[in-house]
Amino acid sequence: MQIPVALERLVYEFSRFPGVGRKTAQRLAFSILRYSGEEAQNLIDSIVQVKDNIRYCTVCSGFTDVDPCLICSNVSRENNQLCVVEQPNNIFPIEKSGVFRGLYHVLLGAISPLDGVGPEQLNINKLRKRVEENEIKELIIATNPTVKGEATALFLQQEFVGKISNITRLACGIPAGGDLEYVDDVTMTEAFYGRHKFID
């Protein structure tokens with residue numbers, strides 16, 4: 001039996017999400033069919049609200065609905081520690097662990113020559129400006145432990161050596177090839193406490 005056109009479109013849209021295959025997309029679509037009209041409208045409204053209200057913080061480039069974001073505007077944060085991550089969603093697991101009380105900077109990607117992504121395509125100019133204008137004592141490089149993340153970490157280490165006295169990289173505990181978004185609290189805590197200084 002052929003899936004109705006409207007349902008097929010919904011399956012297709014769900015399948016565009018990262019990590020969602022066709023079978024999972026179908027299950028999600030069939031779940032929507034069981035929604036009441038009110039539940040379906042709530043889902044629609046929440047999607048529209050996210051698209052209308054969530055934007056990048058003008059300071060750190062994290063996701064926010066106020067500008068600057070609540071982290072950047074929090075005077076109790078350690079403003080001499082800067083943690084560099086690849087994507088805005090990488091901030092949430094670090095915050096959830098409660099192990100870091102400094103500020104963040106989001107690169108909005110990672111260096112990947114094969115994909116045509118070099119340092120100039122990343123949010124590095126703003127990072128240079130933040131380092132120049134603020135007294136940053138420690139730069140914590142928390143890019144993902146992937147080939148792209150390691151290439152980005154090496155570039156940042158070379159870029160800021162001599163400009164920042166303490167440049168560290170998150171330690172083991174985060175599996176190679178993993179993503180910060182899926183790291184549990186204990187592993188995140190161990191990675192932060194075990195971070196190491198880059199070798200000059």
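Strand 4 (102–106) is largely enclosed by the rest of the structure, because five of its five residues are buried (under 20% relative accessible area, with a 1.4 Å probe and protein chains only; exposed is over 50%, partly exposed in between). Strands (E, at least two residues) and helices (H or I, at least four) are DSSP runs, numbered from the N terminus. This is a predicted model: local features need pLDDT of at least 70, side-chain atom pairs count only at pLDDT 80 or more, and totals for chains, interfaces and linings use all residues. Residues are numbered from 1 along each chain as its sequence is written, and side-chain values use heavy atoms, leaving out hydrogens and water.

**Strands 3 and 4**

- Strand 3 (78–85) runs parallel to strand 4, and five bridges join the two. Strands pair if DSSP finds at least two bridges between them.
- Leucine 82 sits opposite leucine 103 of strand 4.
- A right-handed β-α-β unit is made by strand 3, helix 4 (residues 91–97) and strand 4. Right-handed here means that, with the strands pointing away from the viewer, the path from the first strand over the helix to the second runs clockwise.

**Helices 5 and 6**

- Helix 5 (residues 124–133) and helix 6 (residues 147–160) have axes that come within 12 Å and cross at roughly 35°. Axes are lines fitted to C-alpha atoms, for helices over the stretch in contact; angles run from 0 to 180 degrees between N-to-C directions.
- The crossing of helix 5 with helix 6 is right-handed.
- From helix 5, Ile124, Leu127, Arg128 and Val131 meet Phe155, Leu156, Glu159 and Phe160 of helix 6, with contact meaning heavy atoms within 4.5 Å.
- Six residues of this contact are nonpolar, none is polar and two are charged. Ala, Val, Leu, Ile, Met, Phe, Trp, Tyr, Cys and Pro count as nonpolar; Asp, Glu, Lys and Arg as charged; the others, Gly among them, as polar.

**Backbone in the loops**

- Serine 61 has a positive phi, near 70°, though it is not glycine. Serine 61 lies in the loop between strand 1 (55–56) and strand 2. Serine 61 is buried, at 4% relative accessible area.
- Aspartate 67 and proline 68 are joined by a cis peptide bond, with omega about 0°. Proline 68 belongs to the loop between strand 2 (63–64) and strand 3.
- Leucine 108 also has a positive phi, near 60°. Leucine 108 is in the loop between strand 4 and helix 5. Leucine 108 is partly exposed, at 33%.

Key:
A crossing is left-handed if the near helix is turned anticlockwise from the far one by less than a right angle, and right-handed if clockwise.
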